[in-house]
Amino acid sequence: MKVYAHSAAGFSLIELTLALGVAAFCLITVFGLVPVALMTQQASVRQTTATAIISQIVADLGAATRLPPGQQSKQFSLKGHWAAQATPDQLYFMTDGTFITGSTNQQTVPMNAVFAAAVTYLRPPTETTSLADITVTWPAQAAVPTGSVETFAAINRQ
């Protein structure tokens, strides 16, 4: 008969408790960062959409400078007459950056509007260049917006 000497291998209860405590601390930290990461991601999506809206407006203003006087831009119905316009044009967009048709210079904010864009025409324009300050804010219906993107656009008139 052979007698085997079994050595006691394994973790003690104290080691197991410490390992579970460290794992729990790490998981609580990771779960605590999830809301912060979600808010950061949502803010970056809003900023990206606002920048795309600004690009659309600048392109429309560039196309509108080639139109005869008295006509409006094709996409957003902007006035485009820098010298004659003292108040900014207001435009409204949905969550994905889609323009709300007919919302240019509305007195009330449309219910489905998420972004509000203000196109301020800077005076005086020269024969070759027109200047505009474009600000996109969100949410559109808030008195104090939670976010905004602003740009200065120089439109070539030649």
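Let's start in the middle of this predicted model. Its largest nonpolar core holds 22 residues, and those that touch the most other members are I57, L61, L91, F93, F115 and V119. Helix α1 and the strands β1, β2, β3 and β4 each give two or more residues to this core, and α1 gives the most, with five. Nonpolar side chains tend to be buried together in soluble globular proteins.

Take I57 as a guide. Leaving aside residues up to four places away in sequence, I57 touches F76, L78, L91, F93, A117, V119 and I134.

Now let's look at the strands. Four of them form an open sheet, in the order β1-β2-β3-β4, with antiparallel pairing. Which strands sit at the edges? They are β1 (89-93) and β4 (147-156), each pairing on one side only. On average, neighbouring strands of this sheet are turned by 20° against each other, direction ignored. In general, the strands of a sheet pair through backbone hydrogen bonds.

Strands β1 and β2 run antiparallel and are joined by five bridges; here D89 stands opposite V119 of β2. Is β1 mostly covered or mostly exposed? It is mostly covered, as four of the five residues in β1 are buried. Further along, β3 (residues 129-138) and β4 are joined by 10 bridges, again antiparallel, and T129 has N156 in β4 as its bridge partner.

Finally, helix α1 (residues 13-64) packs on the sheet and touches β1, β2 (115-122), β3 and β4. The direction of α1 makes about 150° with that of β3.

Conventions: Residues are numbered from 1 along each chain as its sequence is written. This is a predicted model: local features need pLDDT of at least 70, side-chain atom pairs count only at pLDDT 80 or more; totals for chains, interfaces and linings use all residues. Side-chain values use heavy atoms; hydrogens and water are left out. Two strands pair if DSSP finds at least two bridges between them. Axes are lines fitted to C-alpha atoms, for helices over the stretch in contact, and angles run from 0 to 180 degrees between N-to-C directions. Contact means heavy atoms within 4.5 Å. Buried means under 20% relative accessible area, exposed over 50%, partly exposed in between (1.4 Å probe, protein chains only). A nonpolar core is a set of buried Ala, Val, Leu, Ile, Met, Phe, Trp, Tyr and Cys residues joined through side-chain atoms within 4.5 Å.
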